[in-house]
Amino acid sequence: MKILIINGPNLNMLGKREENIYGKNTYEDLCKQLNEFSFENNIEIEFFQSAIEGEIVNKIHQFQNYDGLIINPAAFSHYSIAIYDALLIAKIPKIEVHISNVHNRDDFRKNLITAQAVDGIISGLGFKGYELALEYIIATNV
Ligand code: DQA
């Protein structure tokens, strides 16, 4: 089983951005944590991170190579119709993850566009949210 994990703009800056919201751990720490989780659960994962909307759209188009998709579109979550449309095409189990709780921050973060094209959303549980999304996809593929 192979699962794609897409992270959008500024998530490569984890550890250097708003520590009070996103914590001290870096994007590399996130990948390490999820690599350990995937090893323990005998699954394959692939990471993709980009600040470029079109690159994320093109990557989603490769959905047929994967058994599931986890996406944190970051700021694109709140306005990208292109990523929303691409997600509608991707007929595989798919979860949107947010590290922070987007419902108790700025009002504009409550507007979730891409989340409307996924199976479910996990928000506010930190890096653990990605592991829970992986668990959901593993359970769905059994
Ligand atoms: C985020 C929440 C978004 O509102 C923000 O633009 C991000 C990160 C999160 O993981 O909590 O960049 O997606």
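This is a predicted model: local features need pLDDT of at least 70, side-chain atom pairs count only at pLDDT 80 or more; totals for chains, interfaces and linings use all residues.
Look at what lies around the ligand. Its surroundings include the arginines Arg-17, Arg-105 and Arg-109, along with Tyr-22, Asn-72, Ala-74 and Ala-75. His-78, His-98, Ile-99, Ser-100 and Val-102 also belong to the residues that surround the ligand.

Now pick out some individual atoms. Asn-72 has a polar side-chain atom that lies 2.8 Å from an oxygen atom of the ligand. From His-78, a polar side-chain atom lies 2.7 Å from a ligand oxygen atom. With Ile-99 the backbone takes part: one of its backbone N or O atoms lies 2.8 Å from an oxygen atom of the ligand. How much of the ligand does the protein bury? Taken alone, the ligand exposes 320 Å², and the protein buries 98% of that area.

From here, turn to Ser-80, which is found in the loop between strand β3 (68–72) and helix α4 (81–89). Is Ser-80 buried or exposed? Its relative accessibility is 1%, so Ser-80 counts as buried, since the cut-off for buried is under 20%.

Which residues does Ser-80 touch? Leaving aside residues up to four places away in sequence, Ser-80 touches Glu-53, Ile-113 and Thr-114. With Glu-53 there is a further detail to find: the side chains of Ser-80 and Glu-53 are joined by a polar contact of 2.5 Å.

Definitions and conventions: Residues are numbered from 1 along each chain as its sequence is written. Side-chain values use heavy atoms; hydrogens and water are left out. Helices (H or I, at least four residues) and strands (E, at least two) are DSSP runs, numbered from the N terminus. Buried means under 20% relative accessible area, exposed over 50%, partly exposed in between (1.4 Å probe, protein chains only). A polar contact is a pair of N or O atoms within 3.5 Å; within protein, one must be able to donate a hydrogen and the other to accept it, and residues adjacent in sequence count only if both atoms are side-chain atoms. Contact means heavy atoms within 4.5 Å. A residue is near a molecule or strand if one of its heavy atoms lies within 4 Å of it. Accessible areas come from the Shrake-Rupley method with a 1.4 Å probe; for residues, only the protein chains shown count as cover.
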